[in-house]
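Here are some notes for a colleague who is meeting this structure for the first time. Please read them with the chain in view.

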Amino acid sequence: MTLTGCMTVHGERENIPSIAKDEAPKALKRFTDVYNKSYSELDPALAGQVQTGPLLDISAADLKAQHADKPDGNPDYPPLKLGDARYVIPKQVGWPKFFVANTESNRDDNRWLLVFTRDGANEPWKAAYLSILSQDEVPDFQIDKDGWAKPVPAEGATPKLATRPDELSAEYTDYLMNGKGEVFADSQATSGLRTSRKKFLRTPKFWTEYIDTAAEGPRYAPVGLRLSDGGALVFFTSHHRQKQTMAKGYRPNPTPQIKALMTGEAKKSVTLTRVSESAVRVPAKDAADPKVVFLNRLEGVTAAKGE
């Protein structure tokens, strides 16, 4: 306690809300304003001011590809508008901290869930994840009497959940590679994706190889919030590579967007690097059905290599 009567609260030691309720709208507005400017000017550097992690990887590559087609920018870009914001703010100890903005948009009738994170009190809030859910898919979060949500630790044992958040990326990419495991429920993002891939493994014109790897490091740390039923909504990242090799007599024909991201010359093959960000519902450990359910998966090409 200082002589002025003020008290300093240390976010690295105290269990406090990740952001004040009146500050969250400011972070969302800053994101929207800069996001619109970045897509109007087609400038990846602007995106980096308000985005990070997998969302920045996908947006920066998209902006780079569009800029190659429109070097003077896109002044006719229709601005993104986010409204009816509902903020899910957890109490946390230490850094990084995060919160979720659950909004409507002028793009569709779904809810847009943006996960904002920052690594310190003097750092700006940046959006790391975006998931687009239908009205019915947005889960009920566990909220205490003061209106604060409960975070799920990104690392370490979480005995009350069917699957640890920090193991989801590895479990998912292992499943895509070998089809083994009982962690995930059947869906377009799991068994459906494996089925669609099989169609392109070998065709008369080309054959395809897939390599899926888990996302590692703090840049791609998963983020989770406890739900009212004891489960959790978890956002996580994964990496995917796809190499398409042409049969004799054929040559790759990448799209202009892929060419803008490509190194090398596509004489025989093209390798695409993708980043995906997913929102999944992880059941409680004692749930009748312990399988993880995909609610949304966004994927974007971030690099390409021609050989």
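1. Strand 5 (residues 111–118) and strand 6 run antiparallel and are joined by seven bridges, and within this pairing Trp112 has Ile132 of strand 6 as its bridge partner. Please keep in mind throughout that the model is predicted.

2. These two strands belong to an open sheet of four strands, ordered 2-4-5-6, in which the pairing is antiparallel. Strand 2 (82–88) and strand 6 (126–133) are the edges, and each has a single partner strand, so one side of each is left without a neighbour in the sheet. From one strand to the next the twist averages 25°.

3. Two helices lie across strands of this sheet: helix 1 lies across strand 2, strand 4 (97–105), strand 5 and strand 6, and runs at about 135° to strand 2, while helix 3 lies across strand 5 and strand 6, at about 80° to strand 6.

4. The axes of helix 1 (residues 24–41) and helix 3 (residues 53–69) come within 9 Å and cross at roughly 30°, which means that helix 1 is roughly parallel to helix 3. In their contact, Ser38, Tyr39 and Glu41 of helix 1 meet Ser59, Asp62, Leu63, Gln66 and His67 of helix 3, and the residues involved divide into two nonpolar, four polar and two charged.

5. Strand 11 (residues 262–264), by contrast, pairs with strand 13 (residues 293–306) in the parallel sense over three bridges, and here Gly264 stands opposite Gly306.

Definitions and conventions: Residues numbered from 1 in each chain as written. Predicted model: local features only at pLDDT ≥ 70, side-chain atom pairs only at ≥ 80, totals over all residues. Heavy atoms only, no water. Pairing = 2+ DSSP bridges. Axes fitted to C-alpha atoms, helices over the stretch in contact; angles between N-to-C directions. Parallel < 35°, antiparallel > 145°, perpendicular 65-115°, else oblique. Contact = heavy atoms within 4.5 Å. Nonpolar A, V, L, I, M, F, W, Y, C, P; charged D, E, K, R; others polar.
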